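Trainee: Please take me through one part of this model closely. I would like to start with the pocket.

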Amino acid sequence: MEAKLWTVDSMPWEIVNPSFERRLVHGERTMLAFLHLHRGCQVPRHSHHNEQASYVIEGRLRFLVGAEQMEEVVVGPGQVLFLPSHLPHSAEALEDTRGIDVFTPPRQDWLDGTDEYLRR
C-alpha cells in the first residue's frame, strides 16, 4: 500500500459533454468526482450499485429520485444528498454548480469512459 497525493487544481477537466466537466480522484474503494455542471445541465435518469454522496459547493442541483421520479430534492451550497445503491435518480443544474460526488466503490464506467448516458 502507498499513499498518493493529488493536486486537483492542476488536473485537467474532462469534458464529458458541453455542460458537464469533471476531475476524478480514486483509490481502490472510493472515488471523488470534482464536478462543474453548467446551468441547464441534465443528468438523465439512471441508477448504479455504487453509494453516492453529492456535496454542492456553489450553485443548486435539483434531483428527482425514486422509481417514479416523484421525490424532488434541491441541494444547495453546504448540503449533501446521500443516494443509496440502486436508487434511480436524475439531476438538473438550476444554475452553474460546483460540487463533489463521492462514490463507493469507484464508478468503473466513469473511469473507463463507458458512461454513455452522460455523453449524449
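Mentor: The largest pocket is lined by Met 1, Glu 2, Lys 4, Trp 6, His 26, Gly 27, Glu 28 and Arg 29. A pocket here is an open set of points on a 1 Å grid over the protein atoms alone, where a 1.4 Å probe fits, with protein on both sides within 12 Å along at least five of seven lines; lining residues have an atom within 4 Å of a point. This is a predicted model: local features need pLDDT of at least 70, side-chain atom pairs count only at pLDDT 80 or more, and totals for chains, interfaces and linings use all residues. Residues are numbered from 1 along each chain as its sequence is written, and side-chain values use heavy atoms, without hydrogens and water.

The largest pocket holds about 200 Å³ of space. That volume is the space filled by probe spheres set on the points, which are joined across faces, edges and corners. By class, its lining has two nonpolar, two polar and four charged residues. Asp, Glu, Lys and Arg count as charged; Ala, Val, Leu, Ile, Met, Phe, Trp, Tyr, Cys and Pro as nonpolar; the others, Gly among them, as polar.

Arg 29 lines the largest pocket. Arg 29 is also in contact (heavy atoms within 4.5 Å) with Phe 103. Other contacts of Phe 103 include Thr 30, Met 31, His 48 and Trp 110. Phe 103 is buried, with a relative accessible area of 1%; buried means under 20%, with a 1.4 Å probe and protein chains only. Its C-alpha atom is separated by 8.9 Å from that of Ser 54, 49 residues apart along the chain.

Note on methods. Buried < 20%, exposed > 50% of the residue type's maximum accessible area, 1.4 Å probe, protein only. Lists of a residue's contacts leave out its neighbours within four places in sequence.
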